[in-house]
Amino acid sequence: MKAVSPVREQLLEHTLVLLGTRGYNGFSYRDLAELVGVKTSSIHYYFPTKEDLALAAVQAYAANIGEIMRGMDVNGPLKEQVEKYLALWRKNLGTGRVCLCGMLAAEATSLPQNVLAALQAFYSMHEAWITQRLERAVADKGVQLPAPPSVYAMTILGALQSGLISARLFGKPCRLDAASAMLRSAVTPESGKQQAAPADAVLS
């Protein structure tokens with residue numbers, strides 16, 4: 001197996017932070033070079049274009065989150081799964097970062113097509129995960145939803161993304177709580193009024 005360069009890893013790590021705080025158009029290779037302590041030519045060696053860099057960052061971000069989500073047994077306790085999932089969204093509250101893919105989605109009209117496709121895949125992954133849990137809640141607990149599971153899943157995901165942005169805007173983590181309550185009450189109605197669980201996973 002080919003070893004991964006530590007410089008490449010550092011470039012991706014800092015890119016994840018820059019994309020999550022400033023977005024695609026909010027930083028340059030010069031900004032990244034200063035953070036890592038390399039010349040811009042070194043960045044071009046690993047990522048010839050900013051498009052290449054952004055795509056690699058989105059793919060790494062999605063792979064990290066996807067691994068955690070796939071590790072949640074769809075047949076396990078719904079309440080436990082929901083809290084683990086919501087912990088992903090709470091991890092970066094107060095850091096100035098939001099969901100990298102949510103940040104980039106706001107810049108959709110200026111992004112390369114392959115980056116857009118990667119973002120769409122990320123959203124679809126979350127919608128499918130939420131839909132599965134909603135469908136199980138309906139089948140096992142007779143939960144009544146205001147819309148079909150797949151449609152309501154899109155609503156919940158949109159609320160979570162907006163909740164993170166709103167929390168950063170107002171500097172109040174509780175701005176994410178309303179969106180979290182939507183998912184809790186839909187999947188485990190008896191826990192809908194509980195406080196948000198501490199974050200113990202990563203959305204980074």
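Author: Gladly, starting with accessibility: buried means under 20% relative accessible area, exposed over 50%, and partly exposed in between, with a 1.4 Å probe and protein chains only. Arg-22 has a relative accessible area of 43%, so Arg-22 is partly exposed. This is a predicted model, in which local features need pLDDT of at least 70, side-chain atom pairs count only at pLDDT 80 or more, and totals for chains, interfaces and linings use all residues. Residues are numbered from 1 along each chain as its sequence is written, and side-chain values use heavy atoms, with hydrogens and water left out.

Reader: What is the mean pLDDT of the protein?

Author: The mean is 90, and 91% of the residues reach 70 or more; pLDDT is the predictor's confidence in each residue, from 0 to 100. Over residues 192-204 the pLDDT is below 50, although this stretch has 38 contacts in the model beyond near neighbours in sequence. Contact here means heavy atoms within 4.5 Å. Where pLDDT is low, the predicted coordinates should not be read in detail.

Reader: What makes the pair Asp-31 and Arg-22 a salt bridge?

Author: The term asks for a side-chain nitrogen of Lys or Arg within 4 Å of a carboxyl oxygen of Asp or Glu. The closest N and O atoms of Asp-31 and Arg-22 are 3.6 Å apart, so the pair qualifies. Asp-31 is partly exposed, at 25% relative accessibility. The structure holds five salt bridges.

Reader: How do you know that Glu-80 and Lys-84 meet in a salt bridge?

Author: Their N to O distance is 3.3 Å, which is within 4 Å and therefore meets the definition. Both residues lie in helix α5, four residues apart, about one turn of the helix. Helices are DSSP runs (H or I, at least four residues), as strands are (E, at least two), numbered from the N terminus. An α-helix has 3.6 residues a turn, so residues three or four places apart point the same way.

Reader: Which parts does the pair Arg-90 and Asp-177 tie together?

Author: Arg-90 forms a salt bridge with Asp-177, with the closest N and O atoms 3.1 Å apart. Arg-90 lies in helix α5 and Asp-177 in helix α9, so the pair ties together parts that are 87 residues apart in sequence. Arg-90, at 18%, is buried because that value is under 20%, whereas Asp-177, at 26%, is partly exposed.

Reader: Why is the count of disulfides zero?

Author: A disulfide is a pair of cysteine sulfur atoms within 2.5 Å. The sulfur of Cys-101 is 5.1 Å from the closest cysteine sulfur, in Cys-99, too far for a bond. For Cys-174 the closest cysteine sulfur, also in Cys-99, is 20 Å away, again too far. By this rule the count is zero. Cys-101 is buried at 0% relative accessibility, while Cys-174 is partly exposed at 48%.

Reader: Which residues touch the most other members of the largest nonpolar core?

Author: Of its 62 residues, Tyr-85, Trp-89, Ile-130 and Leu-134 do. A nonpolar core is a set of buried Ala, Val, Leu, Ile, Met, Phe, Trp, Tyr and Cys residues joined through side-chain atoms within 4.5 Å. Helix α4 gives the most to this core, with ten residues. Leaving aside neighbours within four places in sequence, Ile-130 is in contact with Tyr-85, Ala-153, Ile-156, Leu-157 and Leu-183.
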